[in-house]
Amino acid sequence: MTSPPASLRKPAATRTRATAPARRRRTPNTAAWIFAGPAAALFTAFFAYPLVASLYQSFTARRDGVDVFVGLDQYRRLLEDPAFLHSLVNTGLILAVQVPVMIGLALVLAVLLNQSWLRFRATWRAVFFLPAVTTLVAYAVVFQVLLRTDGGLANQLLHALGLGGVDWLNSPTWARISVVGSVTWRWTGYNAVILLAGLQAIGRDQYEAAALDGAGPLRTYTGVILPQLRPVVLFCVITSTIGTLQLFDENYVLTKGGPGDATLTPVVYLYKVGFQQFDFGYAAAIAWVVVLIIAAVSLLQFRLYGRERR
């Protein structure tokens, strides 16, 4: 076989340059997998696998020391479990009171922190945000000490004002109020900082235009500022709703779900079923029902927000 003429042959340097880009194109992909590999392995080991395993476990039951596949029996059992249904009612009551009160207080606080006349604004923002970085159990224990019936600071102040003491943690109504108060104290500043960031993203020209139209401060905020702040408010409402539906630390430390299951929440009930009764299949079913409830409530809030925008 004759070789091609010299004019048609590619020099060796040209062939080398032609194959070099192919090697350079393969190298970044390999490097990406090398760097992403540890993160992917950790994600699989500590998130993906437990997630799939818990879903499978929710369809099983422990019988004679062996896990047996029982289909939807655990979920049917949930529909007939008065303790679980009562925990949903408790969570709904806490959610209906705590989230609106907290978001309302956070809005007022964000407006105050956004005022130009306020001195040491950075310090005040840090002070109000500090409860959010406090350890959950630590601050719940502090509230437990403050709300003691005998010798608690809250009752000492009431006695100093000439009022009778309150059985904060042993009365069903006051126990719910105590949980709502502790959660509101911890997360109001956190939401206020987020809302403050939204307020600072609104240009000063919006305030000036409203003032030129004769709108007062209240009308400016309700008619001009709040409509532009709705996406941030929606974010705070959804995250607060999710946090309330997952409520555990405050209830467990303050009241352990009592008195008389007055502050029992699905996650506290999940803990009792899983780690006190060792019924892990039923506990997994409770966890997945809570996930579905959170997804449904979040979707409903998104839909309502979209309808208001339209």
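**Entry 1**

I started with Asp261, which sits in the loop between H10 and H11. Helices here are DSSP runs of H or I with at least four residues, strands are runs of E with at least two, and both are numbered from the N terminus. The model is predicted, so local features need pLDDT of at least 70 and side-chain atom pairs pLDDT 80 or more, while totals for chains, interfaces and linings use all residues. Residues are numbered from 1 along each chain as its sequence is written, and side-chain values use heavy atoms, with hydrogens and water left out.

I looked up the phi of Asp261. It is positive, about 65°, although Asp261 is not a glycine.

I found a positive phi for Lys256, about 55°, and Lys256 is not a glycine. Lys256 has a relative accessible area of 47%, so it is partly exposed.

I then checked Pro259, also in the loop between H10 and H11 (266-275). A cis peptide bond joins Gly258 to Pro259, with omega about -5°.

**Entry 2: Asp249**

I stepped back to Asp249, in helix H10 (residues 249-254). What does Asp249 touch beyond its neighbours within four places in sequence? I noted Leu136, Val137 and Ala140. Contact means heavy atoms within 4.5 Å. I also compared Asp249 with Val267: they are 18 residues apart in sequence and 9.4 Å apart in space, C-alpha to C-alpha.

**Entry 3: the whole chain**

I counted 12 helices and 2 strands in the protein chain. Of the 310 residues, 35% are buried. I looked at contacts with a separation of 6 or more: 66% of them join residues 24 or more positions apart.

**Entry 4: Thr184**

Thr184 is in helix H7 (residues 172-200). Its relative accessibility is 10%, so Thr184 counts as buried. Where does the side chain of Thr184 reach? I found the backbone oxygen of Val180 at 2.7 Å. Leaving out residues up to four places away in sequence, Thr184 touches Gln98, Met102 and Leu105.

**Entry 5: the cores**

I looked for nonpolar cores, that is, sets of buried Ala, Val, Leu, Ile, Met, Phe, Trp, Tyr and Cys residues joined through side-chain atoms within 4.5 Å. The largest has 20 residues, and Leu195, Leu199, Tyr207 and Ile225 have the most contacts inside it. H3, H7 and helix H9 (217-245) each supply at least two residues of this core. The largest share, 7 residues, comes from H3.

I checked Leu199 by itself. Among its contacts, not counting residues up to four places away in sequence, are Ala110, Val111, Tyr207 and Leu229. Another core, of 18 residues, lies apart from the largest one and includes Leu78, Tyr282, Trp288 and Ile294.

**Entry 6: the lining residues**

I noted which residues line the largest cavity: Leu88, Thr91, Leu245, Pro266, Val290 and Ile293. A cavity is a set of points, on a 1 Å grid over the protein atoms alone, where a 1.4 Å probe fits but cannot get out, and lining residues have an atom within 4 Å of a point. Helix H3 (82-113) and helix H12 (280-309) each give two or more residues to this lining.

Definitions and conventions
Buried < 20%, exposed > 50% of the residue type's maximum accessible area, 1.4 Å probe, protein only. Polar contact = N/O pair within 3.5 Å; in protein donor to acceptor, adjacent residues only side chain to side chain. 1 Å grid on protein atoms, 1.4 Å probe; cavity = no way out; pocket = protein on both sides within 12 Å on 5 of 7 lines; lining within 4 Å.
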